[in-house]
Amino acid sequence: MTALIAACHQNNWQACGVIQDTGYSSRNLNRPGLTKLVQLVETGEIDGILCTHPDRLCRSAYFQKMVEEFKLHSVSVIPLHQWPNMNLPD
């Protein structure tokens, strides 16, 4: 979490909070933290999501679809560390 906070400070981003799904697998899309994150996206309360690795949000099978869905709400997903050869939608 320290790396995320440092990235926010370095880029002058305002963090509205930290969402963690401790004890849940990212294979499970029915998680309290992910549900809250989707709510924040859909209500326009955030314009970006910073995560350590893409697989912290969800597994690769769902990640691209989730990023594309968030983009429809003008929300960017920014992983600090990416999977090799991963192409995020613009």
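1. A nonpolar core is a set of buried Ala, Val, Leu, Ile, Met, Phe, Trp, Tyr and Cys residues joined through side-chain atoms within 4.5 Å. The model discussed here is predicted. Its largest nonpolar core has 15 residues, and those that touch the most other members are L37, I49, L57, F70 and V77. Helix 2, strand 1 and helix 3 are the elements that give two or more residues to this core. As general background, nonpolar side chains in soluble globular proteins tend to be buried together.

2. Which residues does L37 contact, leaving aside its neighbours within four places in sequence? The contacts are with I19, I46, I49, L57 and F70. Of these, I49, L57 and F70 are named, like L37 itself, among the core residues that touch the most other members.

3. The largest pocket holds about 1000 Å³ of space. It is lined by 34 residues, of which L4, G17, I19, I49 and L50 are the closest to its centre. Three elements each supply at least two lining residues: helix 1 (2–10), helix 2 (32–42) and strand 1 (48–51). Helix 2 gives the most, with five residues. By class, the lining comprises 19 nonpolar, nine polar and six charged residues.

4. About 230 Å³ of space lies in the second largest pocket. Its lining consists of L29, L34, T35, V38, V41, E42, Y62, K65, M66, E69, F70 and H73. Helix 2 and helix 3 (60–71) are the elements that give two or more residues to it. Seven of the lining residues are nonpolar, two are polar and three are charged.

5. The structure holds zero disulfides.

6. Are C51 and C58 buried or exposed? A residue counts as buried when its relative accessible area is under 20%. C51 has a relative accessible area of 6%, so C51 is buried. C58 is at 0% relative accessibility and therefore counts as buried.

Terms used:
Residues numbered from 1 in each chain as written. Predicted model: local features only at pLDDT ≥ 70, side-chain atom pairs only at ≥ 80, totals over all residues. Heavy atoms only, no water. 1 Å grid on protein atoms, 1.4 Å probe; cavity = no way out; pocket = protein on both sides within 12 Å on 5 of 7 lines; lining within 4 Å. Points joined across faces, edges and corners; volume = space filled by probe spheres on them. Helix = DSSP H or I, 4+ residues; strand = E, 2+ residues; numbered from the N terminus. Nonpolar A, V, L, I, M, F, W, Y, C, P; charged D, E, K, R; others polar. Buried < 20%, exposed > 50% of the residue type's maximum accessible area, 1.4 Å probe, protein only. Contact = heavy atoms within 4.5 Å. Disulfide = S-S within 2.5 Å.
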